[in-house]
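Work through these exercises with the model on screen. Try each task before you read its solution.

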Amino acid sequence: MKIECTPKEAADLIEELRSRLKEFDMTLKLDSDDLEFIQNETTPTKDLVDELMTREGVETTIAEPYEDVVVAANGPAMILKVID
């Protein structure tokens, strides 16, 4: 998305974004051509996993305590093992 505005309007918009992102414990990273939203490391792993589980294309396999589970994938795929 491209927004045309004055340098002052752009600076105000960036400050507003930064302020709102703090509510979600996120940071705004800017370079000359792009901006990136970064999730800060203080977000609990459980919250990150809960969010990922709601996404399209994510399959969840849960291993109960002392239960062995085998997970297979026909790539391309990325398998994350989260112990929390």
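**Exercise 1.** Where in the chain is the place of Glu-59? Is Glu-59 buried or exposed?

Solution. Start with the ground rules. This is a predicted model, in which local features need pLDDT of at least 70, side-chain atom pairs count only at pLDDT 80 or more, and totals for chains, interfaces and linings use all residues. Residues are numbered from 1 along each chain as its sequence is written, and side-chain values use heavy atoms, with hydrogens and water left out.

Step 1: find the element. Glu-59 is in the segment after H2. Helices (H or I, at least four residues) and strands (E, at least two) are DSSP runs, numbered from the N terminus.

Step 2: apply the cut-offs. Buried means under 20% relative accessible area, exposed over 50%, and partly exposed in between (1.4 Å probe, protein chains only). Glu-59 has a relative accessible area of 79%, so Glu-59 is exposed.

Step 3: look across the chain. Glu-59 and Ile-79 are 20 residues apart along the chain, and their C-alpha atoms are separated by 9.7 Å.

**Exercise 2.** Which residues is Thr-61 in contact with, leaving aside its neighbours within four places in sequence?

Solution. Thr-61 is in the segment after helix H2 (45-53).

Step 1: list the partners. With those neighbours left aside, Thr-61 is in contact (heavy atoms within 4.5 Å) with Val-69 and Val-71.

Step 2: Thr-61 and Val-71 are 10 residues apart in sequence, and 7.7 Å apart in space from C-alpha to C-alpha.

**Exercise 3.** What is the phi of Tyr-66, and which peptide bond is cis?

Solution. Step 1: take Tyr-66. Its phi is positive, about 65 degrees, although Tyr-66 is not a glycine. Tyr-66 lies in the segment after H2.

Step 1: check accessibility. Tyr-66 counts as exposed because its relative accessibility is 86%.

Step 2: turn to the peptide bond. The bond from Gly-75 to Pro-76 is cis, with omega near 10 degrees. Pro-76 is also in the segment after H2.

**Exercise 4.** Where in the protein is confidence lowest, and where is it highest?

Solution. Step 1: get the average. The protein averages a pLDDT (the predictor's confidence in each residue, from 0 to 100) of 80. Of the residues, 86% score at least 70.

Step 1: compare elements. Confidence is lowest in strand S2 (residues 35-39), at a mean of 64. Confidence is highest in H2, at 84.
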